[in-house]
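Student: Could you show me how to read burial, helix faces and ring pairs from a set of coordinates?
Tutor: Let us take them one after another, with the model in view.

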Amino acid sequence: MARNKVIKGDYAGCSVGSSFGIPYISTSFTKSINLTKENIASYEIFDETKSKSAASIAGRGLIGGFLLGPAGMLAGALSAKAKGSYLVALQFKDGAKCLLDIDEKIYKAIAKQMF
C-alpha cells in the first residue's frame, strides 16, 4: 500500500498529496511545492504494483456467496478492485531530486500535470 511520502532524496519524509487535481509535496504545515511542469524537469516510474485488499476480497466474496452461492462467492472474490502503488523519481528544475511512494490517484494527477 502506498504511503504517499517522499522516501528518498530531497524532501525525504515529507508527505505527498493532491488538492483540486494539483499534486504537491508538503514541506511544512504551511508550505508546499506543487508538482507541475513549471517545477519538474522530468519524472520516471521505477515500480508499479497492483494489489487487492484482503477486506475487499472477503467482502465481495461474502456478498457474492450470499446472493449466488459458491459460484457467486468465487466471482465476488475475483471482482475485488486492485489498488496501484507507484515509485516515482522526480527531477526538479532547481536540481533537487526525490523518490516518491504514491497511490494511483496522486500518480494520475502528476501525469496530467506533466503532459
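**Reading burial, helix faces and ring pairs**

Tutor: Asn 4 lies in the segment before β1 (5–9), where strands (E, at least two residues) and helices (H or I, at least four) are DSSP runs numbered from the N terminus. This is a predicted model, in which local features need pLDDT of at least 70 and side-chain atom pairs count only at pLDDT 80 or more, whereas totals for chains, interfaces and linings use all residues. Residues are numbered from 1 along each chain as its sequence is written, and side-chain values use heavy atoms, with hydrogens and water left out.

Student: Is Asn 4 buried or exposed, and which residues does Asn 4 touch?

Tutor: Buried means under 20% relative accessible area, exposed over 50%, and partly exposed in between, with a 1.4 Å probe and protein chains only. Asn 4 has 17% relative accessibility and therefore counts as buried. Leaving aside residues up to four places away in sequence, Asn 4 touches Ser 15, Val 16, Asp 101, Ile 102, Asp 103 and Ile 106, contact being heavy atoms within 4.5 Å.

Student: Which residues of α3 are buried, and how should I read their placement around the axis?

Tutor: An α-helix has 3.6 residues a turn, so residues three or four places apart point the same way. In α3, the buried residues are Ile 106, Tyr 107, Ala 109, Ile 110 and Met 114. They lie on the same side of α3 because they cover an arc of only 160° around the axis, the arc being that of the directions from the helix axis to the C-beta atoms. Exposed Lys 105 and Lys 112 are carried by the face of α3 turned away from its buried side.

Student: How many aromatic pairs are there, and how is each described?

Tutor: A pair of aromatic rings is described by the distance of the centres and the angle of the planes. Rings of Phe, Tyr and Trp (its six-membered ring) pair if their centres lie within 6.5 Å, and planes under 30 degrees apart count as stacked, over 60 as edge-to-face and the rest as tilted. By this rule there are two aromatic pairs. The rings of Tyr 11 and Phe 92 have centres 5.6 Å apart and planes at 70°, so this pair is edge-to-face. Tyr 11 lies in the loop between β1 and β2 (15–19) and Phe 92 in strand β6, so the pair ties together parts that are 81 residues apart in sequence. For Tyr 86 and Tyr 107, the ring centres are 4.2 Å apart and the planes are at 10°, so the pair is stacked.
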